[in-house]
Amino acid sequence: MQLPDKRPLMENVVVTSAGELGELIQKALSKGNGAFLKIFAKKSDGKYYITVLLDRSKVLAAECLVVDTKQNLSGEEAISVLKSFVGKPMVVDVYDLDELELKLSVADNVEVYAQTPKVPLSELFQISGEGPPSESVKEEPPQKPSEPAMAAEAAASQAAVSAQPAVAEKPAPQAPAGKPEVIVNLTGGSIPERAFQVYAEDLLREAKRIRGLTINKIEFDANVGEGVVYLNVHIYGSSTGSSRDVEIAEKRMLHAVSKYAPVLLREAEVKPIIRDVSIIIDGQEVKPQEIVDKDKKKTGNVTKDGRITLSVLEDVWPYFSAYARTVINEIESAGIKVDKAHFDIRGRKEFEINLSLVVETSMTKDAVQRVVKDVVSRHARELGRSLKRYITVHNIEVETVSKSASSTAVQTAAPVESGKAAEILAKKALLEKEVEQLLKEAGIDELSVLTEEKKKESEETVLRSRIEPAVETLKNRIHAELKLVPRVTFKWLKLNHEVKGTTVYVDIEASFIRENVGGLFGSFSGVSDDKIKQDIAATVQRVIKDVSREYGISMKVRRLNVIIR
């Protein structure tokens, strides 16, 4: 997995138990919002190199390289390997990550993130021998602490109350004592109720600053997903002010719901997404037209021909329109003709890219998806750095149309287009017969030689007209495919060709920089340059075979030189 360029917090630490590993992780988490582990372990069947990305509560992504067999495992398989080593000797490098570095790490390793189940840290590093002590701890609370706890709850603040998860249901009877009622309806998962209590306290503090407004009840309808929570917020209250005061109160509370929502990310480590807000003051419900300010979102054509369309907030339209043009131009330079493209950019402070494409190509859908995803993600990272905003690629939908199908359709339609063509061909045949007869009368018997030379010349002309576009397509596709070769960074490509008869001979030279990761064991220490060169050669041969079949031309590699620095 990729990691932002930084030095490890702890390097080459040998741990022999789950407790020691847990302590290392806690040290990293105490200095930031997440941690990245590089773990080297060994058992009788081979050596293993494991990389793990964590936040404060769970595993986000995990990958494992079996050094001896060069096999890559990710997601659940990698976690299973890691669990099998917990409690055994391991060599560990630990990196602490701040909030931005954690998000960038997730974005750079989004494929591994999607494959990895979000296992809680408590479950991952659980020690089976800790069972008996937990029972002795449980025997103490029922004896005395229940009564002092209730007395403390009556006198302490709401923060102290919510700090006791075991007594989470007891604050409800206190609502009639003057405090507004806070109701949390959870579906799909669980979030600590303290997070909603803190969120509600922020909203109540904002309400106290509004003249004449009193809040009676706050209700959260929360649907918990993987790392996110979708919220419907309903606020009930009354006002002693004028109608103008009520209008101001509505607008300020609507703004406060969005303003203080990030407290859930801080307290419960889930990203809040507000779907709906309603403010009910004196029994009258007020709802915003759109939480996402759709009235400020612009949808229109990026190009005059309408091939590329974009939907995004008006204030960033110029940036994303330039982004859309750049992305489509690079995709087409890889030999993929884009018939239609629609970019739907969602969000305000953070942006989420959704792209729908209709392309004309003879490549497989998976190959097109890989090329498009690489181009879209790379330019999204560059744009994010320019805008200083967090930009993710959420969804890419590709619909492919085969080139061969469209070309054969044109060929079959052409003869039927008009009877004029048939008439011209008939006249041509008659003229050829008359010429042949005149040549025979003149004593020239080498007509066949002349016609054969003419035929050969016409075939070469037709072949030459196909070679140039075929070589251009070959160059673009090899360029795009070499960017996707793992373990190396593609730098440049030289491609020359020579036509001999009906065969095109290709000379290729390509340069790469080998990717190395620091620490005791580099992440690709077991992969030789020869193996990487074999992968590159296989990729080149596959692309040449595809282009050769597509254009009906015999193409062969005469010389292939791969440089790895």
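Visitor: Which residues are exposed on the other side of helix 1?
Guide: Glu 23, Ser 30 and Lys 31 are exposed there. Exposed means over 50% relative accessible area, buried under 20%, and partly exposed in between, with a 1.4 Å probe and protein chains only. This is a predicted model, where local features need pLDDT of at least 70, side-chain atom pairs count only at pLDDT 80 or more, and totals for chains, interfaces and linings use all residues. Residues are numbered from 1 along each chain as its sequence is written, and side-chain values use heavy atoms, leaving out hydrogens and water.

Visitor: And which residues of helix 1 are buried?
Guide: Ala 18, Leu 21, Gly 22, Leu 24, Ile 25, Ala 28 and Leu 29. They cover an arc of only 160° around the axis, so they sit on the same side of helix 1. The arc is taken from the directions from the helix axis to the C-beta atoms.

Visitor: What covers them?
Guide: The cover includes strand 1, strand 2, strand 3, strand 6 and helix 5 (121-124). Helices (H or I, at least four residues) and strands (E, at least two) are DSSP runs, numbered from the N terminus.

Visitor: What caps the N-terminal end of helix 1?
Guide: Ser 17 does. One of its side-chain oxygens lies 3.3 Å from the backbone nitrogen of Glu 20.

Visitor: New topic. In what order do the strands of the sheet run?
Guide: The order is 1-6-2-3-4-5, in an open, antiparallel sheet of six strands. Two strands pair if DSSP finds at least two bridges between them. Strand 1 (10-15) and strand 5 (71-74) are at the edges with a single partner strand each, so one side of each has no neighbour in the sheet.

Visitor: How many bridges join strand 2 and strand 3?
Guide: Strand 2 (residues 34-43) and strand 3 (residues 46-55) pair over 10 bridges. Lys 42 stands opposite Lys 47 in strand 3.

Visitor: Where is Asp 55, and is Asp 55 buried or exposed?
Guide: Asp 55 is in strand 3. Asp 55 counts as buried because its relative accessibility is 7%.

Visitor: Which side chain does Asp 55 join in a polar contact?
Guide: That of Lys 58, at 2.8 Å. A polar contact is a pair of N or O atoms within 3.5 Å; within protein, one must be able to donate a hydrogen and the other to accept it, and residues adjacent in sequence count only if both atoms are side-chain atoms. A polar atom of the Asp 55 side chain also lies 3.0 Å from the backbone nitrogen of Ser 57.

Conventions
Contact = heavy atoms within 4.5 Å.
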